[in-house]
Structure formats: structure tokens, C-alpha cells
Amino acid sequence: MSGVLNGRAAGTPICGIIENADARSGDYAALASLPRPGHADYTGYVKYEGFNDARGGGHFSGRLTAPLVFAGALARGYLAQMGVTAGARIARLGGVDDAPLNDADAALLQTLRESAFPVLEAARGAAMQDAIKKALEEKDSVGGVVECVALGLPAGWGDPFFDSLESRVASLVFSVPAVKGVEFGAGFKIADMRASDANGGYLYKDGRVVTATNHNGGIQGGITNGMPLVVRAAIKPTPSIARPQRTVDLQKGTDAEIEIAGRHDACIVPRAVCVVEAAVLVAIADAALESGVRP
């Protein structure tokens, strides 16, 4: 709507509108007093004293991720001018793992971005989609893990403690509905390693300092070390399922049962890939601005 002229930012606020043209608020009519298990209906009801918007379009909705992706697209263009690129994929879904992502490059990340179901191995992707179909047939849902990799980051971006790059990334990724865990590099597996393996060691390669391994995910002390930034987000199963579930009637003060109707995905992991990627891009762009670097 504004802020862009002839393909370039004009220096004024950039505004975009994403219209939700197929809303069905009526699908949520029965939820005013019956909080959906796994959703924020109950916590929102308590916090906002019964005035929370339970019609599907409020601040607890996945629709909130659309403007985040918009912001991520702007951040991508800004970072590309500094040689930084990022891409994400489905690393795990419904208990099925994709192949390990060992040597990512810009071309691979671009391929993943252009894929409707971004995985490294098609056969494993097919198994993931079978898991989604099975869950749907059983009126249930499945979750998974999204992995995002950012390349081209120089050493020195970020800060220790409150403004560590891990803190910035995790804060934005955790703002994405359904994310219940975030890890960097080897993640929780690093707890089972010895330092001699986890550290990786420094060496020179093509005139720059690198680490022999990247178990720390490109960040040490909250600051980038020049290696690829690797972050993974755990996405919980979609809470809205057609199976009967236990809940309570907040108006009557009694136990109740709920069967959720309407349009709901048996898995939101494929939709979350671009959202997690956008969150990472925004956090990196923020760190780049504070570092004083300009294209």
C-alpha cells in the first residue's frame, strides 16, 4: 500500500494488507463457554475476564503469522544485500525424520523455499504425508520440527545476556502459535556430548576462522561466530480435532465434552516452515542493524 517505489524502499513506513476473505466466525459459536483443550481459550478467558475473542481471528490465531511472514520478506531483501540468506525445511513430522542437513548452501535453501513440501528426501516426505492422512482419518493431528539455516552471517553480530542472538531468535520463534520448543545447533543432544566433541575447535579456511563442527549452531556467547546459524522449532499437533475431548463449561461451572467442527488442518507443520524462517530473518536483521552494518 505504501513505502515502496519502483521496487525500492522509499524510506517511509511500508504498509501491506492481507485480506482474510473466507472467514467463518460461526464455526466458533459454541466455544464461548467451552474452551478447546490445547488452545488459549481458557487462558485468554482468564486474562481478559471473559472478553477474549474466541471467533478464530484474535491474537491467539495462526492468522497472526501472516504479517510476520510479510516482515520476514522485507528482512530477507535487506539481508541479501549483505550476502545473508536463510531457508527452512520440515526436519521431522509425525515421527518421521527427514535426512540430516549437513552441508547447506544458498542453492539448496532456495530449492527448499520453492518446494510445497520442503524436505531433503522425497521418500521421507511421502511418509510424512502418509502420517498426516492417517491422523486425519482417525480424527486426530500430528506435529513436527521445522529447521531453519541462515548462511553468510559474519562473526560479531549479537550481544551477550538479554540481547543475545539466541534470545532474539527464540523470542520471535516462540511468538509463533504452536511452537513449544526451540534449540540451536546440536540442541539438547549437546548435553550428552563431551566438550572435546561439542567445542569443535577453531581453524582457518580460505582465510577466515571457522569451527571444525557446528554443534553450537553459529552462536557463542550470544554472538555469531561466522558459521551457519542453525535453529529448530518444535511444533505441537493441531489442537482442534474432531475427536471428543474433555473440557469444562465456564458458564455452568461443570465438566463437559467438546467435538470441534469446522476447517482445521491435521498438521500445521508445512504451513509453519515459512513462518519460522521469517521469524529468524527478522531477528537477524535486527542484529545487523544494531551492529551498525549497512549494505
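At what angle do H5 and H7 pack, and how far apart are their axes? I found an angle of about 145°, with the axes 8 Å apart.

Ground rules before I go on. I am working with a predicted model, where local features need pLDDT of at least 70, side-chain atom pairs count only at pLDDT 80 or more, and totals for chains, interfaces and linings use all residues. Residues are numbered from 1 along each chain as its sequence is written, and side-chain values use heavy atoms, with hydrogens and water left out. Helices (H or I, at least four residues) and strands (E, at least two) are DSSP runs, numbered from the N terminus. Axes are lines fitted to C-alpha atoms, for helices over the stretch in contact, and angles run from 0 to 180 degrees between N-to-C directions.

**Entry: H5 on H7**
I looked up the contacts (heavy atoms within 4.5 Å). From H5, Leu165, Arg168, Val169, Leu172 and Val173 meet residues of H7, including Ala279, Val282 and Ala283. I then listed the buried residues (under 20% relative accessible area; exposed is over 50%, partly exposed in between; 1.4 Å probe, protein chains only). In H5 they are Leu165, Arg168, Val169, Ala170 and Val173. Their cover includes E7, E12 and H7, along with strands E10 (219-220) and E11 (223-225).

**Entry: H2 on H7**
The axes of H2 and H7 come within 8 Å and cross at roughly 50°. That makes H2 oblique to H7, since angles under 35 degrees count as roughly parallel, over 145 as roughly antiparallel, 65 to 115 as roughly perpendicular and the rest as oblique. Among the H2 residues that meet H7 I noted Leu68, Gly72, Ala75 and Leu79.

**Entry: the sheet**
I traced five strands in an open sheet, ordered E4-E3-E5-E12-E7, with antiparallel pairing. Two strands pair if DSSP finds at least two bridges between them. E4 (96-97) and E7 (179-184) are the edge strands with a single partner each, so one side of each has no neighbour in the sheet. E5 (residues 144-151) and E12 (residues 229-235) share seven bridges, and glycine 144 has isoleucine 235 as its bridge partner in E12. Helix H3 (residues 106-113) packs on this sheet, touching E3 (85-93) and E5, and its direction makes about 60° with that of E3.

**Entry: the cores**
I counted a nonpolar core as a set of buried Ala, Val, Leu, Ile, Met, Phe, Trp, Tyr and Cys residues joined through side-chain atoms within 4.5 Å. Which members of the largest one touch the most others? Of its 52 residues, they are Leu79, Leu93, Trp157, Leu229, Ile235 and Ile284. H2 (65-80), H4 (122-137), H5 (165-174) and H7 (269-291) are among the elements that supply at least two residues each, and H7 gives the largest share, 14 residues. A second, separate core of six residues includes Leu101, Leu109, Val149 and Val230.

E13 (residues 245-249) and E14 (residues 254-258) run antiparallel, joined by five bridges. The hairpin has four residues between its strands, and glycine 253 in the turn has a positive phi of about 70°.
I also flagged glutamate 49, a residue other than glycine with a positive phi near 55°. Glutamate 49 is exposed, with a relative accessible area of 66%.
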